[in-house]
Structure formats: C-alpha cells, structure tokens
Amino acid sequence: MQYVENDMDGLFQRSAEHYQLDAGASDWENISVKLSLHAATKTASNKSRSWLTMLGLGPALFLTMGVCCPKFISEVERSNFGIGYQKIIDQQTVFHSLPEIVRTGNDDELFYDFLKNKEEIIQKKGGPVTQNDSVSVESANQFRSKMQQRFIVYKGDMSAEEIQDETDLQNSINEHRKLLLHSRIVVNIETPKAEIKENTGRNILLDLKHPLRRITADRFYFGMFATLDGSKVKSMPFDKIGFGAGFMFGYNITKKFSAEASLAFQRKKYDSYGKDFSLNKVGSTMPSGMVIKSLQSNASVTEVNLKARYKILQQKRSSVYIAAGLSEYIITNESNTYNVSLNGNSETMRGKYEKNISKLPAVASFSAVYQHSLIKKISIRIEPYLKVPIQGIGIGNVPVTSAGIQIGITRSLH
Amino acid sequence: MLLDNTLTIVNGCKARDPKYQQIFYELYRAFALKVVYRYIYNYEEAREVSNDGFVKFFLSIDSFRYETAVSVENLVNSWLRRIMINTSIDLLRKKMLLPEIGGITDSHLDIPLDEESADQLAVYNDMIKLVKQLPPAYRIVFNMYVIDGYSHLQISESLNIPMSTSRSNLSRARNLLMKYLNQTEALVKCSM
C-alpha cells in the first residue's frame with residue numbers, strides 16, 4: 001500500500017476511470033417518455049399562455065372594479081339602490097311594524113330601499129322571519145323616546161360622516177343628493193340595543209323607527225363563474241392548466257345548508273401513461289403490435305355538478321362554506337396525442353373523438369368557498385376545489401383528478 | 001470515422017431525432033452512470049439521476065457549440081459529465097446532504113472473471129467504494145476536486161459554499177480516505 005500514500009489522488013483518478021460498473025438494462029423508454037412529455041408540455045404551455053392571460057386578466061379586472069370602484073356599478077343597479085341605508089342588527093332583534101311585531105332570526109343583515117321612499121327588506125341574510133310575537137303599543141312608545149340612533153352617511157367618494165339627529169340626516173342626504181347627483185350614498189344606521197321585557201319575560205330588542213311592511217327571504221340565487229383547472233392522471237404531475245366557465249343556481253335550504261347545481265364548459269388537459277389508458281373503445285382502430293407509452297389529452301368537457309354546502313363561518317359581510325358533491329362529465333370533443341412504440345420504433349399518433357358520456361357519476365368534488373357580499377344582493381366567491389375520480393372518463397376511461405380554483409359572482413333572487 | 005459518427009449523432013440529437021438520441025444514450029449511458037455513481041450512494045437512484053441528466057442534455061443540446069469536428073468528442077464528454085455532476089448535486093442538495101444508510105452492494109461493481117487485470121480492477125472498485133462511504137458533503141468536494149478537476153472557486157460557486165469550506169472538506173475527505181485505507185491494510189495484514 002505504499003504507493004497509495006504517495007499518489008492517493010492519482011489512484012482515485014485511475015479508479016474513477018477504470019472501475020467496472022454494471023450499467024444495467026437500457027432505460028431509453030423512460031427517457032423517451034420524459035422527453036415527449038416535456039415537448040408536449042412546452043407546446044401546450046405556449047398555446048395556453050395567451051388564453052391564461054385573457055382568462056386571468058378578465059376576472060381580475062372585473063373584481064377590481066367591483067371591489068374598489070362601486071361607482072362603476074351599472075346605472076340600473078344604482079337607480080335601484082339609490083340612496084339607501086343599510087342596517088346591521090344583532091341577535092334577537094325585533095322589527096316593529098305596528099300593530100304587529102316581526103322577529104328575525106340570528107345574525108341578520110338587512111337592506112332597505114330608501115329611494116322609493118318606502119321601506120322594505122330587499123335582502124336578508126340568515127334564517128326565516130317569523131311573526132310569532134307581539135308587543136303592546138304602549139310598550140313600544142315607551143321605548144321610542146329612549147331610543148338613540150347613530151347615522152353614518154357613506155358618500156359617493158366613500159368618505160363617511162357621522163350624524164346623530166334624524167333631521168340632520170335627511171338634510172345631509174338631500175345635500176349630498178344635490179351635490180353628487182348619481183353617486184351612491186349609503187346610510188348605515190347603527191341602533192343601540194334597547195331592551196324591553198316582554199310579557200313572556202324574554203329580553204327583546206326593538207327598532208321602532210322603520211316599520212316593516214314586507215319581508216321576503218332570499219333563498220334562491222344564481223351566478224356565473226370562471227375556473228382555472230389543473231388535471232392529472234395518477235402519478236402524473238399537474239403541469240397543464242385548463243380553463244372553463246359556467247353558470248350556477250342554488251337554494252338556501254336553511255341558514256347553514258344550501259344545495260347548488262352548476263353547468264360548466266371546460267377545457268381539460270392531462271397526460272397519462274399508456275397503462276392507464278383503456279383500449280376497449282379504440283383498440284380495434286389501432287395497428288396490431290402497437291404499444292401506447294404515454295398520451296396527452298385535450299378535451300372539451302361539459303360538467304354537470306350537484307353539491308351541498310354547509311356554512312362554517314359567518315362574519316359581517318363574509319362567509320365560509322365547505323361543499324361536497326358529484327359531477328357528470330360529458331366530453332364533447334377529445335383530442336389525444338399518443339406516443340407509441342410500433343415494431344421497436346417510437347412514433348407519435350393523433351386521434352380525435354366525438355361525444356362521449358361517462359357513467360354517472362364521474363367524479364366526487366370537494367371544495368371550500370369564501371363568499372363576500374359586495375353590494376345589496378350581489379356577492380363574489382372564491383372556491384378552491386379538488387375533484388376525485390370515481391370512474392374513468394373519455395375514450396380511454398382515464399381516471400382524471402382535478403384541482404383548481406373557481407371565481408364567481410352570484411345574485412340573490414326574490 | 002469515429003469523429004464523423006459522433007458529429008452525426010450530435011447533429012441528429014440537435015435535430016431532436018429520437019433515433020440519434022437513442023444511439024447517443026446507448027453509447028454514453030455507461031459513462032454517465034459511472035460519473036453519477038461516484039456521487040450518488042444508491043445504485044437505483046444513480047440510474048434515475050443519470051436518466052434525468054440525459055433528459056437535461058437532450059433538452060439543452062441547442063446550446064451546445066463546437067468549433068471543429070475534432071473537438072466534438074471531448075466537448076460532448078465534458079459537457080455530459082458536467083450535466084451529470086450538476087444533476088447529482090441537485091439531488092444531494094434536496095436531501096440536505098444527509099448521510100445515506102444501507103451498505104454498498106457489490107453486485108453492480110462488476111469484474112469480468114476472465115479479465116487479466118482482475119486484481120487491479122478489484123482495487124479500483126474498492127477505491128470507489130471508499131469514496132462512496134464518505135459523508136455526502138466531503139464526497140462531493142473530493143469527487144469534484146480530485147477526480148473531475150474542478151477548482152475550489154468552481155466548487156464554491158457550484159455548491160454555494162465558501163472556498164475555505166471546500167478546502168477543509170477536501171482535507172477531511174483525504175484524512176478519512178487515508179484512515180479507511182490504513183484500516184484495510186491492517187485487515188489484510190491480520191488475515192495473512
């Protein structure tokens with residue numbers, strides 16, 4: 001070993017050059033698949049870049065306008081809204097509409113149409129309103145004098161002004177109406193809680209100022225949405241982005257539960273290994289001896305989704321839901337690029353297929369929904385989701401897992 | 001003739017022709033695996049890294065430049081070696097340079113029985129096994145500096161470490177290897 005100490009570096013250099021290592025069987029198939037997938041991904045990403053830009057900019061612009069610039073809301077909306085006031089009330093609040101008392105449920109938020117000089121609830125969040133209680137007129141008048149109200153006028157430029165007296169409030173509104181003309185003024189009335197004892201002994205809160213004439217629960221809602229969707233098959237990565245848009249229609253069954261149906265038109269893109277692609281439907285049209293190594297699919301999908309939502313968090317204007325449901329996929333057009341091995345040669349083949357309906361249901365969907373009330377009956381929502389395959393879809397019955405985000409806008413119906 | 005062949009294959013790879021890519025892979029896969037196996041402890045992982053290195057090579061071959069046909073062979077060798085080393089380092093970094101567990105199996109270090117210089121080859125294989133037993137941080141620096149001819153400046157830039165760390169890691173690697181060699185020598189004497 002003497003020479004080792006003298007020339008250790010040289011020994012290791014010679015060892016690195018001459019040592020014998022079994023290179024094993026060729027892994028060319030694996031490399032070939034990776035190369036073809038990379039090439040397909042690159043082409044697809046170039047094509048989808050412009051779509052993504054459009055798809056991303058559209059909702060962003062819309063949301064920016066909706067959230068930051070209420071004055072951009074359409075003239076029709078504005079005229080309906082006009083000069084209104086928004087009243088935030090707490091639990092166990094009773095609306096007094098002499099001679100009857102109407103009680104709302106918990107965590108309500110009410111909006112009145114003030115422009116038409118008549119007061120009615122045009123949106124209500126929370127549970128149904130009941131008319132199961134009454135308070136004597138004497139009791140109500142007794143507390144009228146004790147009521148203190150604080151008015152906050154939100155002007156068209158979104159600055160706020162606090163007014164204590166009702167007469168001053170009307171003057172202020174008139175002044176702003178002259179000055180701002182079409183600008184929206186929202187008056188937020190915050191009423192301190194005034195407790196009275198009912199005959200039943202329960203504590204209730206009275207709002208004696210604005211008699212209530214009509215109450216309608218906004219149980220139905222509808223809306224539209226856009227989605228960015230990543231799809232994958234088994235161990236393949238989420239490396240392609242699809243997109244879509246659609247409509248939804250929902251019904252609030254209770255304060256917390258709602259059911260929703262949606263119809264979405266999507267472009268789904270996914271890669272899969274040949275082993276996950278069933279040849280039952282297309283095997284007869286392919287050359288004998290051909291082996292599919294991998295494929296890239298690009299499919300136009302109409303998705304019909306039914307889901308149930310449960311509200312887990314409610315704040316002043318925001319709420320958070322969790323949702324679960326089932327979807328049916330109707331593939332209206334499918335284009336596959338196959339990387340195949342035929343007689344030892346690697347080749348690329350393409351196939352286009354028409355309508356293909358998957359068996360019910362195709363996927364189970366799970367999502368979380370953040371919903372924020374913008375104005376009156378209109379809300380925006382952001383919904384990240386995961387869709388797990390129950391059955392294969394497309395011509396090759398491929399089990400496609402999807403994840404993405406849905407951005408939508410909804411409006412309540414009366 | 002060999003130069004012409006190499007040139008044709010490289011040009012075929014530049015044209016993304018799968019036939020030439022496969023020929024190139026078959027020609028160089030043993031060489032690439034030998035480079036990677038010095039850095040990566042586990043044989044199967046080394047094969048994976050070598051495959052990833054080939055994918056990188058084929059995807060980036062557009063940037064491969066050569067001035068004369070004579071230089072192609074050497075340039076391809078050194079370029080592929082560099083890609084394989086970088087890919088190996090990437091994996092080791094992902095693993096936070098943590099020491100590997102499990103022994104090095106002899107089954108992949110293959111020595112043909114009829115080889116005249118079988119003893120010499122056995123020594124070479126043993127030396128590589130010693131290198132692989134070094135902790136990853138020392139092994140990388142030793143491989144890069146002693147075997148692959150990188151300078152301490154290049155190593156420090158590649159690994160994003162100070163040059164002093166590179167020097168000390170090399171010194172510790174040498175000391176450890178010397179210790180391993182002395183232990184081997186003692187074992188041989190005992191058995192005699």
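Q: Is Lys269(A) buried or exposed, and why?
A: This is a predicted model. In it, Lys269(A) counts as buried because 24 C-beta neighbours lie inside 10 Å, and the cut-off for buried is 20 or more.

Q: Which strand is Lys269(A) in?
A: Lys269(A) sits in strand β14 of chain A, which covers residues 257–273.

Q: And how far is Lys269(A) from Asp229(A)?
A: Their C-alpha atoms are separated by 8.7 Å. Along the chain, the two residues are 40 apart.

Q: OK, zooming out. How many helices and strands does chain A have?
A: Chain A has 6 helices and 21 strands.

Q: What percentage of chain A counts as buried?
A: Of its 414 residues, 27% count as buried.

Q: What about contacts in chain A, how many join residues at least 24 apart?
A: The figure is 66%, taken among contacts between residues at least 6 apart in sequence.

Q: New topic: how many residues of chain B are in contact with chain A?
A: There are 32 of them, and they are in contact with 27 residues of chain A.

Q: Which helices of chain B supply at least two residues of that side?
A: They are α2 (18–39), α3 (43–59), α5 (118–133), α6 (136–147) and α8 (163–191). The largest share, 10 residues, comes from α2(B).

Q: How do the residues on that side divide into nonpolar, polar and charged?
A: On the side of chain B that touches chain A, 20 are nonpolar, 4 are polar and 8 are charged.

Definitions and conventions:
Residues are numbered from 1 along each chain as its sequence is written. Chains are lettered from A and ligands numbered from 1 in the order in which they are written. This is a predicted model: local features need pLDDT of at least 70, side-chain atom pairs count only at pLDDT 80 or more; totals for chains, interfaces and linings use all residues. Two residues are in contact if their C-beta atoms, placed from the backbone, lie within 7 Å. Helices (H or I, at least four residues) and strands (E, at least two) are DSSP runs, numbered from the N terminus. Ala, Val, Leu, Ile, Met, Phe, Trp, Tyr, Cys and Pro count as nonpolar, Asp, Glu, Lys and Arg as charged, and the others, Gly among them, as polar. A residue is buried if 20 or more other C-beta atoms lie within 10 Å of its own, exposed if 12 or fewer, and partly exposed in between; C-beta atoms are placed from the backbone.
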